[in-house]
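The sequence and the model are shown below.

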Amino acid sequence: MSNENAKCLVEVQDLQEHFPIKTGFFKKTMLKAVDGVSFKINPGETLGLVGESGCGKTTVGRTLLRLYKPTGGKVFFDGTEVTDRNMQTYRKEMQMVFQDPYSSLDPRMTVEDIIGEPLDVHKLYSGKGERRDKILELMSLVGLNAEHATRYVHEFSGGQRQRIGIARALAVNPRFIVCDEPVSALDVSIQAQVINMFEELQEKLGVAYLFIAHDLLVVHHISDRIAVMYLGRIVETADADELNENPMHPYTLSLLSAVPIPDPVTARAQKRIILEGDVPSPLNMPSGCAFRTRCRYATEQCARECPKLTDRGNGHMVACWNH
Ligand SMILES: Nc1ncnc2c1ncn2[C@@H]1O[C@H](COP(=O)(O)OP(=O)(O)OP(=O)(O)O)[C@@H](O)[C@H]1O
Ligand SMILES: [Mg+2]
């Protein structure tokens with residue numbers, strides 16, 4: 001099956017990932033980690049995906065790349081539906097950079113072998129010399145020196161490890177990378193460096209990103225568009241600046257009000273919205289809108305029906321009954 005929107009590189013339609021969880025001796029309950037997520041990403045574009053811990057961001061990335069088999073929904077790559085296809089061909093096109101550079105790289109391998117492994121798997125060189133040249137080129141692309149090639153991961157800092165992870169993802173020359181909180185585990189002082197590197201690589205290589213983070217500030221900086229997730233669903237999506245200047249969903253408002261503002265005068269004038277209550281358990285979701293239990297504008301309708309994402313102009317989509 002092909003998709004009419006030929007321009008977009010990656011599209012997911014109504015993606016669902018439900019995990020069976022044992023909740024009793026004989027009882028299983030479905031945990032709806034992702035429950036009807038749709039979005040499109042154009043070539044060379046960055047879609048930011050934000051939301052609190054446990055809302056399903058990583059699961060979206062993994063299901064999209066078919067590291068998990070989707071419970072439902074469709075995934076398109078470059079106009080072709082890939083949901084039920086053998087992913088071998090698409091592994092080269094779509095890659096992932098993981099959150100924790102300390103556990104995602106094999107400590108027994110040298111940098112050269114970590115970056116060379118995908119080259120080996122996909123047979124992307126004709127001789128040893130070419131393999132080595134490609135590895136050195138990738139290392140220089142992410143700002144690592146040639147003498148790092150024979151060293152082991154434990155000899156590197158978090159930021160350098162993340163650069164190794166990125167070089168490994170880039171080895172197969174992908175058109176799309178899922179970046180799963182790639183800077184969250186790093187020291188604040190080097191987060192900006194690594195984010196800038198992601199941007200420079202995008203300019204050079206034209207690669208598209210799904211950039212996952214829980215910090216709206218990080219995501220706003222790097223994204224063309226942003227999608228905000230709450231308990232398995234997208235509640236708002238818009239261009240990055242539009243979302244920042246004109247947030248509409250009460251959950252997005254609370255996320256933005258939690259972002260620290262460097263100027264004390266503006267910071268004092270800004271009212272922080274403190275969210276009441278805890279995040280509901282995804283095993284026991286509230287009826288209707290999942291956010292209603294923490295929303296101060298919630299009405300009866302919110303308990304009855306789950307609002308759909310609707311366009312409020314210029315592609316600014318919001319799922320809320322009250323805005
Ligand atoms: N393999 C799995 N089996 C069962 N439940 C899972 C599995 N992976 C994730 N979950 C559950 O699905 C929900 C979403 O998890 P996910 O890791 O996608 O969230 P996240 O938004 O990436 O969180 P974080 O910001 O902490 O990384 C959570 O409730 C989690 O416990
Ligand atoms: Mg995660």
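Which of the 13 residues around ligand 1 come nearest?

## Ligand surroundings

The model is a predicted one. Phe19, Ala33, Ser53, Thr58 and Thr59 come nearest to ligand 1, out of 13 residues around the ligand. By class, the shell around ligand 1 holds 7 polar residues, 5 nonpolar residues and 1 charged residue.

Two elements each give at least two residues to this shell: strand S2, covering 28–41, and helix H1, covering 57–64. Helix H1 provides the largest share, with 3 residues.

## The S1–S2 hairpin

Strand S2 also takes part in a strand pairing. Its partner is strand S1, residues 10–22, and the two run in the antiparallel sense with 11 bridges between them. Together S1 and S2 make a hairpin, with 5 residues separating the two strands.

One position in this pairing can be located by residue: Ile21 stands opposite Thr29, which belongs to S2. As a general point, side chains in a regular strand alternate between the two faces of the sheet.

## Overall fold

The protein chain contains 11 helices and 12 strands. The C-alpha trace spans about 70 × 50 × 45 Å along its principal axes.

Of the 323 residues, 39% count as buried. Among contacts with a separation of 6 or more, 64% are between residues 24 or more positions apart.

## Cys320

Where in the chain does Cys320 lie? Cys320 is in the segment that follows strand S12, which covers 317–318.

Is Cys320 buried or exposed? Cys320 counts as buried, because 22 C-beta neighbours lie inside 10 Å and the cut-off for burial is 20 or more. Leaving out residues up to four places away in sequence, Cys320 touches Met248, His249, Pro250 and Pro307.

Cys320 can also be placed relative to Gly24. The two are 296 residues apart along the chain, and their C-alpha atoms are separated by 35 Å.

Terms used. Residues are numbered from 1 along each chain as its sequence is written. Chains are lettered from A and ligands numbered from 1 in the order in which they are written. This is a predicted model: local features need pLDDT of at least 70, side-chain atom pairs count only at pLDDT 80 or more; totals for chains, interfaces and linings use all residues. A residue is near a molecule or strand if its C-beta atom, placed from the backbone, lies within 6 Å of it. Helices (H or I, at least four residues) and strands (E, at least two) are DSSP runs, numbered from the N terminus. Ala, Val, Leu, Ile, Met, Phe, Trp, Tyr, Cys and Pro count as nonpolar, Asp, Glu, Lys and Arg as charged, and the others, Gly among them, as polar. A residue is buried if 20 or more other C-beta atoms lie within 10 Å of its own, exposed if 12 or fewer, and partly exposed in between; C-beta atoms are placed from the backbone. Two residues are in contact if their C-beta atoms, placed from the backbone, lie within 7 Å. Two strands pair if DSSP finds at least two bridges between them.
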